[in-house]
Amino acid sequence: MTLTTNAISKIFGMSGAPDDPSFTPIVQLIHVKKIDNKSTADDRYRTILSDGDRHMSGMLATQLNYLVENGTLENNDILKLDKFMINELGSGTKVVIITSCEKLGTESNRLGNPQDILKVGAVAGVGGGVNQSAAGGGGGMYGNVQNQCGMNQGMNNNQGGMSNNQGGGNPYGNNSAGNNPYGNKSSGSPIVRTAPTGGQQITPISALNMYSNRWVIRAKVTNKSDVRTWQNAKGEGTLFSITLLDSSGYDVKCTFFKESVEKFYDAIEEGKVYTFSGGRLKVANMQYNNCKSQFEITFDNNSEIHLDEEGDAIQESYDFVKIADLENMEPGSNVDILGVVKSVGDVATIISKKSGKEMTKCELVLEDDSAAEVRLTVWGKEAENAAQKFAHCPVVAFKKSRLSDFGGRSLSGGGASVNPAMANAEQLHQWWGANGNKTQARNLSSAGGGGGNRDTFESRKEVCSIKQEHLGNNDKPDYLTFKATFNFIKREKAGGDDGGGCWYTACANSGEPCKNMYKATQTSDGNWHCDKCQQTYPNCVRRFIVSACVADDSATTWVSLYNEQMELMFNGVTADQLYTEFADTGSKDSYDSAFLKATYTEWIVTCKVKQELVGDETRTKTSVVRMSPVDYAKESKNLLNALAAH
Ligand SMILES: [Zn+2]
């Protein structure tokens, strides 16, 4: 197999990421080995790459570890480096961090007779000098690392060290041992913290580096998420994330966990400028991160964050796309949009497909002077505040809104800046005043199509398609919407405690993290204890959980229904009301009559279909995520239109 000529010399001559993203050299992995480093939580793999002529050291980004662990990557494999970057360790030592690669094949031997580029230098006339500084120049403070074995050292610093070096120091890391006051710090040494003073060395986000942990960045918060809860094998807790943008034009995603959520959530405001230090870098997982920086930052309780309104304002840069052009773009990409908010929809609650959690959303319609309009969904607090924030048809710039092809084209999320001070915003405002609001814009999104909605008339399916199309067999759940009648609603709950009703007892805490969702169990003294928030309350909240059978003229299927849908079906009667009536009167009359009234009613039902493992057999589970009563007038119109189209 042919290796890219002089690839290693070229790579060695670069700083940071390649200027030309189409440079995807083919090299041989002549060595891959786990780094023996007990101080880091994550495993790391060291690599040596060769072009047959030179070789250099590197490291696999942790998200690629599985390639070694599952035996895909081995010594002498031929790799195409799709994404990589250079980290400089000082003294001209560089390592290549592979963040994305493709295995093209393998060889039985090392190809050519490669020499260590650190010993023999780059091939004459190829690549840059060895003393180039990092991309963006700036004050990256590189660790005190001299050679390849220094990689362990660099990572020790990165993981353990959180010291917060303010002021001068030696930004370019003169690497002769003993000369660098910050080098060689073991993770156990005392951590020095000083309150920021003027004149601190600011590192541009573009120059952040795995091997420097003593940076200070000055950046604007362009996006701040709601507080979310997470749960996995290691435990549970809260988190929120922010996006920072600085004057280097780079943005970076940062996350706060647990105690640091309490400490910093309220203090950090979107749109303001702060200095940040004492965070930990990791290579970003680009699947979930659309920032320009290849790193993410985790801040903890000891991080230092200070408001800085003195210095220069940080201008956001946009790369606006006209709404009419969205049709020709790839779904899944992120776009910057400048548009007039033509209308603001109602705030709605939906169940997230990914997490199963409730989320609030609000749909905006944006129009621009390309005479097209598109739906954009905002989420969480932004959705709750949408009616005020986007009132009176403002011009809004959305940064990195995600384009999807649900119902034509639609957008989701993104950092919103209302009436931004820019010339093209002013032009658009005038255009709207003069004629925009009178023209008929072409609508790229079909009604109700985006953000998980698929219940348009055109996209409806029949109940039989669950079986016929083998829905639920994929990694991600499938969704479908049909019109169907509930012909049987099971009144008994499996297990049948607590009055035998088809509900469960949930935590009385309506706020985070429980939101009346988690199960509460009665204690011996009659109170209710919740394992989620570890609190005991005098009462609980009952929530419906029901199995029912739905049918259309194609098939019948069992579905699960949860609280919201059952309250809808019971005309607003809650599980607690039914329980109380039962407890007060000792009669199940109202309980039975609620079920009787709901049986044989017709609904537009949206279901999630997913295979579950029950014991050792798989079972297709169909859950109702949304339903609405049939609007017969609208339904008839849709049917007539569909007939006319045939
Ligand atoms: Zn609770």
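**Questions on a predicted model**

Trainee: In which strand does Ser404 lie?

Mentor: This is a predicted model, in which local features need pLDDT of at least 70 and side-chain atom pairs count only at pLDDT 80 or more, while totals for chains, interfaces and linings use all residues. Residues are numbered from 1 along each chain as its sequence is written, and side-chain values use heavy atoms, with hydrogens and water left out. Strands are DSSP runs of E with at least two residues, helices are runs of H or I with at least four, and both are numbered from the N terminus. With residues 395–404 as its extent, the strand that holds Ser404 is S18.

Trainee: Is Ser404 buried or exposed?

Mentor: A residue is buried under 20% relative accessible area, exposed over 50% and partly exposed in between, with a 1.4 Å probe and protein chains only. Leaving out residues up to four places away in sequence, Ser404 touches Pro331, Arg409 and Ser410, where contact means heavy atoms within 4.5 Å. Because its relative accessibility is 18%, Ser404 counts as buried.

Trainee: Which face of helix H8 is buried, and what does that face pack against?

Mentor: Helix H8 covers residues 423–434, and its end C-alpha atoms are 17 Å apart, which agrees with the 16 Å that its 12 residues should span at 1.5 Å a residue, the expected span being 1.5 Å times one less than the number of residues. The buried residues of H8 are Ala425, Leu428, Trp431 and Trp432, and they line one face because, seen down the axis, they fall within an arc of 120°, an arc taken from the directions from the helix axis to the C-beta atoms. On the other side of H8, Ala423, Gln427, Gly433 and Ala434 are exposed. The buried residues of H8 pack against strand S15 (334–351), strand S16 (358–368) and S18.

Trainee: What is the arrangement of the four donor atoms around the zinc ion?

Mentor: Donors are N, O and S atoms within 2.8 Å of the metal (3.2 Å for Na, K and Ca), and sites may look incomplete, since water is not among the atoms. Here the SG atoms of Cys507, Cys514, Cys530 and Cys533 coordinate the zinc ion at 2.1 to 2.4 Å. Four donors count as tetrahedral if all angles lie between 85 and 135 degrees. The angles at the zinc ion are 104 to 117°, so the arrangement is tetrahedral.

Trainee: What is the phi of Gln534?

Mentor: Most residues other than glycine have a negative phi. Gln534 lies in the loop between S25 and S26, and it is exposed, with a relative accessible area of 54%. Although Gln534 is not a glycine, its phi is positive, at about 60°.

Trainee: What is the bridge partner of Trp230 in S9?

Mentor: Strand S8 (residues 228–232) and strand S9 (residues 235–245) pair in the antiparallel sense over five bridges, where pairing requires that DSSP finds at least two bridges. The two strands form a hairpin with two residues between them. Within S9, the bridge partner of Trp230 is Gly237.

Conventions:
Tetrahedral: all angles 85-135°; square planar, octahedral: opposite > 155°, others 65-115°.
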